[in-house]
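The following explanation is intended for a reader who meets this structure for the first time. Please keep the sequence and the model in view while reading.

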Amino acid sequence: MPFTKHAANKKKFPMGRFLAWKTSDISAAGLNIIVTTYLTIYCTNYLGVSGTLVGTILLISNLIDAVTDLVAGFIIDNTHSKWGKGRPYEIGIVGMWICTVLMFATPAQASQSVKVLWIFFMYTFIFGVFNTLRGAGSTAYLIRAFDNDRELVGKVGSYGGIVTTLGSMVVSLTFPVAMGAIATSAAGWTKLVALYALPLCVLGIGRFVFVKENPQIDADARHEKVTLGDVIQVFTRNKYVWCYAGMTILFNVIQNMTVQTYYFTYIVGNTDILGILSIMGILLLPLMLLMPLILKKFTVSQVIMGGAVLAMAGYGVNFFAGGNMSMLCAASVLTACVNLPVSYLCAVLLMDLFNYNEYKGLARLEGTTNQLAHGVSVQIGQGIGGFLLGILLDLGGFVATQSGTAAAQPQSAITMIRCLYSLVPMALLAGLIVCVCLLGRLDKEMPVIERTLAERHAQSKQEAR
């Protein structure tokens, strides 16, 4: 693959292509908000399924997804179609939304085993099939859509964070209010999710329709079949893959211990105002505009570490906040400091991993490396997060119900909800900081890696002539 360095300084930022690119991210972000935030409470309060059972379903499904992620990465590495390398799999966003509606249409009067199997299969299809293929090709698609330019990809991630945050905020703000008005029964949940699914699904296919891959990126590349030996070599010789994976797992455990709905139900006492916390994210959006300038002074790893420290302080505030909305809003701003850089700058870190592979004389393995370091790790983190939420709620004595009303909870359950909203994520962030510190060593190597690869490709072109 031709290596491009600082090409973004020589070209105008492609705003139209950028906005079309973000349509899929907004759609997927809306889906993730609905599923990760509300699936557990839908199951415990409207289907009568215990938190432990829901957590177990999510854990098993995500472990299966971790395996399919590796398969998907192998598929992407061996894809060389007329549509491109990653673009063909982007259409998976449609399947994700169809299965989401079906998951929230679980027959409420069915037996416990039928409900469990239904949720398991729908969740597995959403994340283990459609999102897996889409995610496996996403970074390869991004690189080829934006000319394999590290700085340009960084700008897409930074500016894209603003667009995705604003777009998904519509779901964050309106869904809790609509939930109170429509989702008063299991059937109401189906109607509510369907109302969001249709427009977001149509929006989501915008990337596939309007953004093409640049065929020149692979013009000089030899399309050799990737073998299992190539995969094993990368996994054993690229130590930074494991640092990135550790960071991703811990981040997604935190993100998927979605206790906020329980917190606002049983401690604040009003889920309608849950969406207010989403507004707090707007305060950080100017930082994303400045991120390209920030990254000229600090590395991505340093930005993530700084955000993690601030987030730990935010979770500390949560522990003492109780129902105080001023404190909860302030804490929300602090905890979001780690969310934005991890969510939107990871493509730069992944590009560094690919380049490190090539620098070491290994296959770039963009699909497989992306799936091991990112895709598999996301699923493991999501599974552990959902499992921890369910099992810790039950250990705290949480009382499940099928009536849709908030049952009275013992003090032990209330205390556990408070800890899940504060102390537990604080501890996980400490581990995340360790992983990012180790990953930061790659940042120091990148100038040499970039220069070496540029020289190699220049020499290859001369020899080809």
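The paragraphs below treat surface patches and selected residues in turn.

The model is a predicted one, in which local features need pLDDT of at least 70, side-chain atom pairs count only at pLDDT 80 or more, and totals for chains, interfaces and linings use all residues. Residues are numbered from 1 along each chain as its sequence is written, and side-chain values use heavy atoms, with hydrogens and water left out.

Patches consist of residues with over 30% relative accessible area and no salt bridge, like charges being joined within 9 Å and nonpolar side chains (Val, Leu, Ile, Met, Phe, Trp, Tyr) within 5 Å. Accessible areas come from the Shrake-Rupley method with a 1.4 Å probe, and for residues only the protein chains shown count as cover. A salt bridge is a side-chain nitrogen of Lys or Arg within 4 Å of a carboxyl oxygen of Asp or Glu.

The nonpolar patch is made up of Leu-166, Leu-173, Ile-276, Ile-279 and Ile-282, which together have about 350 Å² of accessible area. Helix H5 (150–182) and helix H11 (276–279) are the elements that give two or more residues to this patch. Helices (H or I, at least four residues) are DSSP runs, numbered from the N terminus.

The positive patch comprises Arg-237, Lys-239, Lys-360, Arg-441 and Lys-444. Lys and Arg count as positive, and the place of a charge is taken as NZ of Lys or CZ of Arg. Of these residues, Lys-239 belongs to helix H9 (residues 239–256).

Helix H5 also holds Lys-155. Lys-155 counts as buried because its relative accessibility is 19%, buried meaning under 20% relative accessible area, exposed over 50%, and partly exposed in between (1.4 Å probe, protein chains only). Residues up to four places away in sequence aside, Lys-155 touches Phe-13, Gly-160 and Pro-292, contact meaning heavy atoms within 4.5 Å. Leu-173, likewise found in helix H5, is partly exposed because its relative accessibility is 30%.

Ile-380 lies in helix H16 (residues 366–395). With a relative accessible area of 25%, Ile-380 is partly exposed. Beyond its neighbours within four places in sequence, Ile-380 is in contact with Ala-66 and Ile-249.

Phe-298 is placed in the loop between helix H12 (285–297) and helix H13 (300–321). Its relative accessible area of 46% makes Phe-298 partly exposed. Although Phe-298 and Asp-443 are 145 residues apart along the chain, their C-alpha atoms are separated by 9.9 Å.
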